Amino acid sequence: MQEDYNIQETESKWQEKWRIEKIFEANPESGKEKYFITIPFPYLNGNLHAGHTRTFTIGDVIARYKRMQGYNVLYPMGFHVTGTPIVGLADLIREQDPTTMKVYTELHGIPKNILPTLDEPEKIVDYFKVEAEYAMNIIGYSIDWRRKFTTMDPAFQKFIEWQYNNLYDKGLIVKGSHPVKWCPHDNNPVEDHDILRGEEATLVEYTLIKFRHKDTIFPCATLRPETVYGVTNLWLNPEVSYVKLKMEKDELEEYWVVSKEAYEKLLYTDWNVEFIEDMNASDLIGLKLKNPATDNIIQILPAPFVRGNNGSGVVMSVPAHAPYDYLALRDLAKQDLTEYGITADEVQNIKPIQVIDVPDYGEAPAAEVVAELGVVDQKDPKAEEATKIVYRREFHGGTLKDITGKYKGMPVSKIKDRLTQDFISQGIGSIFYEFSEPVQCRCGTMCVVNMVKGQWFLNYSNPEWKDKVYKCLSQMDVIPPEFRVEFENKIDWLKDKACARTKGLGTQLPCDPRWLIESLGDSTIYMSYYTIANYINDGTITPEMMTRPFLDYLFLDVGTAEDAAASSGLNADLINKMKSEFNYWYPVDIRSSGKDLVPNHLLFFLFHHVALFDESKWPKALAVNGFVSLEGQKMSKSKGPILTLKEAVDTYGADVTRMYILSAAEQAQDADWRKEGIESARTQIGRFYTFVRQVVESGCKIPENGDKTHIDRWIESRIQQYIREVNIAFDSIHTRHAIQNAFFLIYNDIKWYHRRGGEQCLTEVVETWTKLMAPFTPHICEEVWSELGHTESIAFVPYPTENKALIDEAAEVAENIIIKTLEDVEEIIRVAKITPKKVYLYTTHEWRTLILRKAAEIALASDEFVPTEEIAKGIRTDPEIMDSAIETMGHYVKEDVKEKAKEITEAVRNHVDVKELIQKSMADPTIRSRGKEGQKYVQKVANDIRGSSIDAVLSYLNANVDEKQILEEAKPFLEKELGCPVEIFDAEEIDAGNAYDPEKKSRFAEPGRPAIYIEQE
RNA sequence: GCGAGGGUUGUCGAGUGGUCAAAGGCGCCGGACUUAAGAUCCGGUUCCGAAGGGAUUCGUGGGUUCAACUCCCACCCCUCGCACCA
């Protein structure tokens, strides 16, 4: 073996071997179970970076693990190039934009003489696809490269056309309007990088409720449409300018009164707006109108807190639930309103109308919170706080009251969309969008929300479509499981999505070729394309052959092979062969991705699969991983900082990079890439190699007829635990936990084994260790594996599984006694600051073990006894508890579980109570003869068992170790470690007076814990 | 604001009711080895302690329990997403 492990040389050696032997080119094999794993293909507007490294490495490690488990694994890769960023990058390069030139030469590592030549999108794609493939090879990904493609390949575009034709025919592509951030000056949508101020702004959807006075509508914008049932009056601000407008949409023609600012905003909605006249607020205040939800007659009152630039400038007053309204009414009751023709009675007679039931509040939550906080009036800053509190409480805990009719009992948090839709269909509501904060374009103009009309949409809001997606999701594994609710929320949240563009690279929309298909359409079902991409790349299939009958037959089993053959010109047998390959690989077994893609790629992946494919082809599992930052800083492709995959591998090597990125954080968490961390990973790899080299050179092997020693049995037992943990961790993609067990913990035990003089299991243990690490660090493991005398690639060697026959509880209990005893002696030496001349160990009296046994017996004899770790399981499977849990719902579940847990715990405790233990113990003459000493120990045992799990006690008793013997066996080791002689006495020798025990330490001996006396120099 | 995740010992992070002063890595300190450095190995790393012990800790404040890092309530803080951008 090499004296020092040469990373670069060894890694490229194995990569070359893998490539030449084509071991990762996956073809269907009948009788062998397949595993199809995909990760989202990278977008090629830069080099692969640390974020890609993490996601792709997770995919590769799973692929390698599954391969070692015996699956036929397909791990393919393609390149995403559609959309605007690549076009934008080409523009920036052509313009020699300084930031871009700097970032792409210095951080993306593009040579200075090459970058300026990448001035067209196609050149950028051609450059980066080569770079990306190179990078993925030098890090050792086990990809089947015969299946690569880019989304601008003509054949792939035919595939996308086919997808959209099918979606269109199913009625899932529709025309409609949607709101965008818009600059009135540029007369264009503003993208995020065009925004000067308000980048964080989001579109807020208000419900507009139409209050009517004769033929004039006063539309109120609200985020809480349910409160319309509690409206007592409307508010207008006498200081604000109002206008009357003629509003037209579809067949509708209405007259609205809104603030002047609202008028400006309405111009960009899908209404036709015609200015009629200016209105004077004073003339409007006092008017009576009808609440469209309740038909109550209410009045318009003056309010200074109403802002013209917020919503429509017309505000509903809900004093029961809105502190401002409550306060304003209270303030108003003291004022003279005769100038508006409003009598004092009219104001004073207004009573809050409760709409929402909230726990802990009565009829008027707003009034209660106002009183609680001591808010003085509507100008008091505390009014804002009161509003927040009421809002939060009502939103989370509130339900609707009888007054809302058919909505009675519904939670406030769920009602908004339904109510808005119902109001719209009844002609009393509308939707109105507004920014969450002002947005200013780079040109200086304030932006508006513009409703773009006549746009093509994917009809994601379609309830039947959503239901199928829910169904699909419910049958899938989601890893980690917390993300399931995230997916459910996003499915719920998803509305129709514009799917056509005019800019960027892309495929023409077949139903309307003036448009390009939005680029996310490429990343929905392309995994199916991988299953035939090798035939496209080798020229068997040309783009012209990608006809609809062919693809329908191939992927959807629609039509016949003959039709498919006739339209494509392909041989029918060949078509059937491809079809069987597709059927072999599909569905996708797992799709693993960064969490940023949850609300888009991953969601659309599900939508498009359920829309097009048969249920048997729906994906099986989703895995989601966190981001990567660099030394605490967020990465940015276009501005930096960024660390490319290639740079990482060039500096540290593939194995180190792989191991580091997967051990830096657990899957769902964000990882921070730190130089310090990866450098330590590098030394770990070196340590691994050095250790294995020593083992190989020493040639230790279990002798044919050799008996295993205690320490051999111990290491074999320990290794089984790590094997089990690693497998469990793999199945839930806990890569960090897997590496902890497969590398660090195992290594620490191997060191201990070595230190204890173990050697005959070393080769066996090191082989297991190598196999466990092979998915993470495949190059060094291949190298070591061949050094260990194997000729086959480790990539297909069966992954270790737990061998229960090798678990040896007695060996572990015995070894723990030795470890603990050594630690105790060392601690005494340290604390007492003594230099030991000789160490004496005294094992315990049999009668103490007897007491321990009696305590355990008492506990175990009880019918109610449940070992601690079983308690939780027992509760979860108790049908009575589950029933009541389902009935009571929510947090009450936990109360029940808690009660039950208490009962069980109580039972265990009561059954090893002191009294019973004393009685049973004292019935035994051996113990009784010990008198007070015996009683004292009974007390202690009862206490210990009560205060902790008795599992440890049980395993000690089960192991039934001879302490004297195991200590004698470890004596040479202890003497070596302590650097002085060690002598061990058992209780019989002590009783017989044959033990040296000048300080009577032997009486402190307990089961599993020998007493210690250290003689000083 | 809404949704999701998270706040643990110098640091990165395990840990979901008892065996927890709390795994493992890193850093730091000390020792062994070495001509030396690195690597490697051993020990320590909250505080106190001349015998294996004790005290105080896990965002903040309350609560439940014989027992809480772990359960409940309230609050504070951090990260991500909120749409036509991939």
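The charged end of Lys490 sits over the ring of Trp493, with 5.0 Å to the ring centre. This is a predicted model.

Next, the annotated domain. UniProt, in an unreviewed entry, places "domain: Aminoacyl-tRNA synthetase class Ia" at residues 13-673. Over residues 13-673 the chain is 37% helix and 20% strand. The end C-alpha atoms of that stretch are 27 Å apart.

Five strands form it, in the order 2-1-24-25-20, and the pairing is parallel. Strand 2 (72-74) and strand 20 (477-479) each have a single partner strand, so they stand at the edges and one side of each is left without a neighbour in the sheet. On average, neighbouring strands here are turned by 15° against each other, direction ignored. Look at one pairing inside the sheet. Strand 1 (residues 34-38) and strand 24 (residues 590-594) run parallel and are joined by two bridges. Ile37 stands opposite Ile590 of strand 24. Helix 16 (residues 526-537) packs on this sheet and touches both strand 1 and strand 24. The direction of helix 16 makes about 125° with that of strand 1.

The structure holds 54 aromatic pairs. Phe159 and Tyr529 form one of them: the ring centres are 5.2 Å apart and the planes stand at 55°, so the pair counts as tilted. Phe159 is buried, because its relative accessibility is 0%. Tyr529 has a relative accessible area of 1%, so Tyr529 is buried too.

Helix 6 supplies another ring. Trp162 and Phe555 form a tilted pair, 5.5 Å from centre to centre and with 50° between the planes. Trp162 lies in helix 6 and Phe555 in helix 17 (residues 548-556), so this pair ties together parts 393 residues apart in sequence. Trp162 is buried at 2% relative accessibility. Phe555 is buried at 4%.

Turn to strand 8 (residues 233-236). Asn233 and Trp235 point one way from this strand, while Leu234 and Leu236 point the other way. All four are buried. Strand 8 pairs with strand 13 (residues 297-302) in the parallel sense over four bridges. Strand 8 also pairs with strand 14 (residues 315-317), here antiparallel and over three bridges. Leu234 takes part on both sides: it stands opposite Ile300 in strand 13 and opposite Met316 in strand 14.

Where does Lys637 lie? UniProt lists Lys637 as "binding site", again in an unreviewed entry. Lys637 is in the loop between strand 27 (633-634) and helix 21 (645-652). Its relative accessible area is 21%, so Lys637 counts as partly exposed; the cut-off for buried is under 20%. Beyond residues up to four places away in sequence, Lys637 touches Tyr43, Asn45, His49, His52, Val103, Tyr104, His108 and Ile642.

That loop between strand 27 and helix 21 also holds Pro641. A cis peptide bond joins Gly640 and Pro641, with omega about 0°. Most peptide bonds are trans. Another cis bond joins Ile479 and Pro480, where omega is about -5°. Pro480 sits in the loop between strand 20 and helix 15 (483-493).

Phi angles give further cases. Most residues other than glycine have a negative phi. Ile733 has a positive phi of about 50°. Ile733 lies in the loop between helix 24 (710-731) and helix 25 (735-755), and is buried at 4% relative accessibility. Lys833 likewise has a positive phi, near 50°. Its place is the loop between helix 28 (809-832) and strand 29 (836-842). Is Lys833 buried or exposed? At 72% relative accessibility, Lys833 counts as exposed.

Finally, Glu963. This residue lies in helix 37 (residues 963-978). Glu963 is buried, with a relative accessible area of 5%. Leaving aside neighbours within four places in sequence, its contacts include Ile817, Thr843, Thr844, Tyr956 and Arg1009.

Key. Residues are numbered from 1 along each chain as its sequence is written. Chains are lettered from A and ligands numbered from 1 in the order in which they are written. This is a predicted model: local features need pLDDT of at least 70, side-chain atom pairs count only at pLDDT 80 or more; totals for chains, interfaces and linings use all residues. Side-chain values use heavy atoms; hydrogens and water are left out. UniProt positions are given in the numbering used here, feature names are shortened, and annotations may be inferred rather than shown by experiment. Two strands pair if DSSP finds at least two bridges between them. Axes are lines fitted to C-alpha atoms, for helices over the stretch in contact, and angles run from 0 to 180 degrees between N-to-C directions. Contact means heavy atoms within 4.5 Å. Rings of Phe, Tyr and Trp (its six-membered ring) pair if their centres lie within 6.5 Å; planes under 30 degrees apart count as stacked, over 60 as edge-to-face and the rest as tilted. Buried means under 20% relative accessible area, exposed over 50%, partly exposed in between (1.4 Å probe, protein chains only). A charge sits over a ring if NZ of Lys or CZ of Arg is within 6 Å of the ring centre and within 35 degrees of the ring normal.
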